[in-house]
Amino acid sequence: MTDSFGFRSLHPFTILLYYAGGITFGMLLFHPLILLAGWAAAVVVNLHLDGGREWRRWTVPMAVGCLLILLMNPILSHRGRTVLYYFGDMPITLESVVYGMTLALSMLNLLTLFITYRLVMSEQKFLFLFSRLSPKAALVAMMALGMVPRLRRRLQELMLIQRSRGITVTEGSLAQRARNGTRIVGTLLSWTLEDALQTADSMQARGYGTGRRSGYAGFRFRSRDMWTVSALTACAVLLLGVWASGYGFMKVYPNLGSFRLITGDQVALAGYITYLLLPLGWEWRDRKSWRTLKYKM
Amino acid sequence: MNSKQLRLLSAKWVIIPIGIAYIGLAWLALQRGNSLLIGIVLVLLSMIPFVLRFERRERKARELMLIAVMAAVASISRIPFAALLPNFTPVTFVVIISGVVFGAEAGWMVGAAGALVSNMFLGQGPWTPWQMFAWGMAGYTAGLFAHRSTWRQRRVPLAILGVIWGFLHGWIMNLTLALDQWVQTHSWKAVAAKYALSLPFELTHAAANLFFIIVFGPSWIRLLERYRRKYGTLERLEYPDDAAYKPVEGGVSREASTVK
């Protein structure tokens, strides 16, 4: 789907605020139930954005990572009062198991959120934000980004041509292959450097560095951004208040607190879910208006 | 100062209050036994001095282009290896060589930009700032280590640096979980056990660095040195105010002074 629809149509600054807050609270609200709910919300966002395609692609690596954290924590950390089991003479404590579970959920929540980040925050939006803060570094990143596909194409071309001369990396002894690899990559490097410096000279000739860099900003801060930013800020202030007054996270060590969500925790949960799902309002609104438009036609 | 400049300025300065607020928040979280936030806040803040320094100096288009090419080469070299064997990447090698030939600052930029750009293809995540930091520092230290000394640019010293960075890179990437382990248990044994668990990955990375530096190192340094000389960019001797670029004379005179 294009950048002019729903969540993705928001201004890069709004999107940055959303992710900064989502990640911060995903780390602060250290309670398994809240994090589980946050993960579910992030999955819902994923389903809205691309039908969960990208999310499914990442399920296996995410599951492996979380499983590792889940298994490793009780083995590494023996803190806690309630011993469940002695593994040799190593105590496995309930507290450590619960802590590992919460940490794994926190990571799962963050990673799921990051998958939506990749879908929403396109490279162009990111560089737009970045170029305000650091124009030269952003220019370098942008040029490098543009060069990657070109280099890939060139490498394939080079390998094809060199193979006809008998220089390949797929045949011969290991030393031979390494030498051939060096030659091919060295050729790629000098080819690219040669023509990159021509590009640089052409930039110079067109007056790079003679004045302040101007830029075309294809993003407008619209009223929907205003609404989203205000609502996100309100949610964030509420969450911070709740968190600062001691709710929204669980006491694990030295002995496990209760899983039960008391009022403060419930507010934190509701606030976090609302925060994560807020931009989907625009997704729904735009879908509805598209349907209406189609109906009229 | 017109309104546009004012806006640009405020965009930069707004970082300071945000940074202070985040440090406060992360500190409070740490007091409550949650160390997740403090690591990422500190690693993000640690990049600011490097970026500021990079911005402050006048840069010629050629310098930026060279750095961009090296970052692109680092990114592209990561992509085929990512699927092959985890942690066997030539990125650290490319970054170290860039630092050696073009200096510490350029090395940092190549490392950080390479991490950022390659993750635009492989997937951004909470690991991006850590990778930017680790690779940036690899380039920076390589520049400090060997940029001004010819004998340290030989195979063996660089290979040692590469092996060290193979381990350091993994250790930096582990910091989040190690810090968390420390906050949980306050036992160095648990932290050491955490690091011991990931040792195979670090060994792979160190082996990759060793291999690439031994096989490609000298030839790449020669190649890049040649381009640096040929185009007169990122010279070893610092010329603070050569913002006005002179195509022929500048190149020749700088060439002469390097020989001295």
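This is a predicted model: local features need pLDDT of at least 70, side-chain atom pairs count only at pLDDT 80 or more; totals for chains, interfaces and linings use all residues.
For residues 16-38 of chain A, the end C-alpha atoms are separated by 18 Å, with 87% of the span in helix and 0% in strand.

Chain A also contains a hairpin, formed by strand 1 and strand 2 with 2 residues between them. Strand 1 (residues 83-87) and strand 2 (residues 90-93) of chain A are paired in the antiparallel sense over 4 bridges. Tyr85(A) has Ile92(A), in strand 2 of chain A, as its bridge partner. In the turn, Gly88(A) adopts a positive phi of about 70 degrees.

The contact between the two chains draws 49 residues from chain A and 52 residues from chain B. On the chain B side, at least two residues each are supplied by several helices, among them helix 1 (3-13), helix 5 (61-84), helix 9 (155-185) and helix 11. Helix 5 of chain B provides the largest share of this side, 12 residues. By class, the side of chain B that touches chain A comprises 33 nonpolar, 10 polar and 9 charged residues.

Across this contact, helix 7 (residues 174-205) of chain A packs with helix 11 (residues 199-231) of chain B at an angle of about 15 degrees, the axes being 11 Å apart. Because angles under 35 degrees count as roughly parallel, helix 7 of chain A is roughly parallel to helix 11 of chain B. The crossing of helix 7 of chain A with helix 11 of chain B is right-handed. Residues of helix 7 of chain A in this contact include Ala178(A), Gly186(A) and Leu193(A), while those of helix 11 of chain B include Val215(B), Ser219(B) and Tyr227(B). The contact has 9 nonpolar, 4 polar and no charged residues.

Within chain B, helix 11 also packs with helix 6 (residues 91-102); their axes come within 9 Å and cross at roughly 35 degrees. This crossing, too, is right-handed. Helix 6 of chain B contributes Thr92(B), Phe93(B), Ile97(B), Val100(B), Val101(B) and Phe102(B), which meet residues of helix 11 of chain B including Phe212(B), Trp220(B), Glu225(B) and Arg228(B). By class, the contact of helix 6 with helix 11 of chain B has 11 nonpolar, 3 polar and 2 charged residues. Phe216(B) is listed in the contact of helix 11 with helix 7 of chain A and in that with helix 6 of chain B.

Methods:
Residues are numbered from 1 along each chain as its sequence is written. Chains are lettered from A and ligands numbered from 1 in the order in which they are written. Axes are lines fitted to C-alpha atoms, for helices over the stretch in contact, and angles run from 0 to 180 degrees between N-to-C directions. Angles under 35 degrees count as roughly parallel, over 145 as roughly antiparallel, 65 to 115 as roughly perpendicular and the rest as oblique. A crossing is left-handed if the near helix is turned anticlockwise from the far one by less than a right angle, and right-handed if clockwise. Two residues are in contact if their C-beta atoms, placed from the backbone, lie within 7 Å. Ala, Val, Leu, Ile, Met, Phe, Trp, Tyr, Cys and Pro count as nonpolar, Asp, Glu, Lys and Arg as charged, and the others, Gly among them, as polar. Two strands pair if DSSP finds at least two bridges between them.
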